[in-house]
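Subject: Structure for your review

Dear colleague,

Please find below the sequence and structure that I am handing over to you. My findings follow directly after them.

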Amino acid sequence: KLNGDRMISLLLMFFCGLSYYLSFSFSGEARAYPHFMIFCLFFFSLVLFVSTFKIQEKIVKAQRESEILNLALAKYGILTVAYIVLLNKIGFYSSTAIYLLCAMSLLGIKNIKLLLFTTGIFLLLLYSIFNVFLQLPKPEGILF
């Protein structure tokens, strides 16, 4: 589509140049309106031509961002599958702690204290909700 837009805009600019040259055969007053219209067409053709390059830069940037997003989604997908597998093997709380630490690390959090504090608070919240208030059974594995 971008190459088509470029070709059309170049063709229109060529048409404007030819029309401008041919309009000199008109009388002085008769060529004012065609010159104005030719100028407008040339201007908008030039805007179209320049915009195709800016759009191409945006498309390349969006493709890069899409590749990064797909990679991140794949990492989280693998992490989630591993969480589900580990859930019955090592237990709910242990696998949840590992999952939270890995997920926050994938998000770019590098502060160990923050990782451990957030995971600890979240596990305490889960324990109080599932064990104390709701008294629900959870998958138990080797650890707890």
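Leaving aside residues up to four places away in sequence, Thr119 touches Ala97, Leu100, Leu101 and Met104. Please note that the model is a predicted one. Thr119 is found in helix α4. With a relative accessible area of 5%, Thr119 counts as buried, because the cut-off for that term is under 20%.

Which residues of α4 are buried? They are Leu115, Thr119, Leu123 and Leu126. The cover over these buried residues includes α3.

The axes of α3 and α4 cross at roughly 145° and come within 10 Å of each other. The crossing in which α3 passes α4 is right-handed. On the α3 side, the contact is made by Phe92, Tyr93, Thr96, Ala97, Leu100, Leu101, Met104 and Ser105. On the α4 side, the contributors are Leu115, Leu116, Thr118, Thr119, Phe122, Leu123, Leu126, Tyr127, Phe130 and Asn131. Of the residues in this contact of α3 with α4, 13 are nonpolar, five are polar and none is charged.

Leu126 may be taken as a second example from α4. Not counting residues up to four places away in sequence, Leu126 touches Phe92, Tyr93, Thr96 and Asn131. Leu126 also belongs to the largest nonpolar core, whose seven residues are Tyr83, Leu87, Phe92, Tyr93, Ala97, Leu123 and Leu126. At least two residues of this core come from each of α2 (32–90), α3 (92–106) and α4 (112–133). The helix that gives the most is α3, with three residues. As background, nonpolar side chains in soluble globular proteins tend to be buried together.

Is Lys113 buried or exposed? Its relative accessible area is 71%, and Lys113 is therefore exposed, the cut-off for exposure being over 50%. Lys113 and Cys40 are 73 residues apart in sequence, and their C-alpha atoms are 63 Å apart in space.

Yours sincerely

Conventions. Residues are numbered from 1 along each chain as its sequence is written. This is a predicted model: local features need pLDDT of at least 70, side-chain atom pairs count only at pLDDT 80 or more; totals for chains, interfaces and linings use all residues. Side-chain values use heavy atoms; hydrogens and water are left out. A nonpolar core is a set of buried Ala, Val, Leu, Ile, Met, Phe, Trp, Tyr and Cys residues joined through side-chain atoms within 4.5 Å. Buried means under 20% relative accessible area, exposed over 50%, partly exposed in between (1.4 Å probe, protein chains only). Helices (H or I, at least four residues) and strands (E, at least two) are DSSP runs, numbered from the N terminus. Contact means heavy atoms within 4.5 Å. Axes are lines fitted to C-alpha atoms, for helices over the stretch in contact, and angles run from 0 to 180 degrees between N-to-C directions. A crossing is left-handed if the near helix is turned anticlockwise from the far one by less than a right angle, and right-handed if clockwise. Ala, Val, Leu, Ile, Met, Phe, Trp, Tyr, Cys and Pro count as nonpolar, Asp, Glu, Lys and Arg as charged, and the others, Gly among them, as polar.
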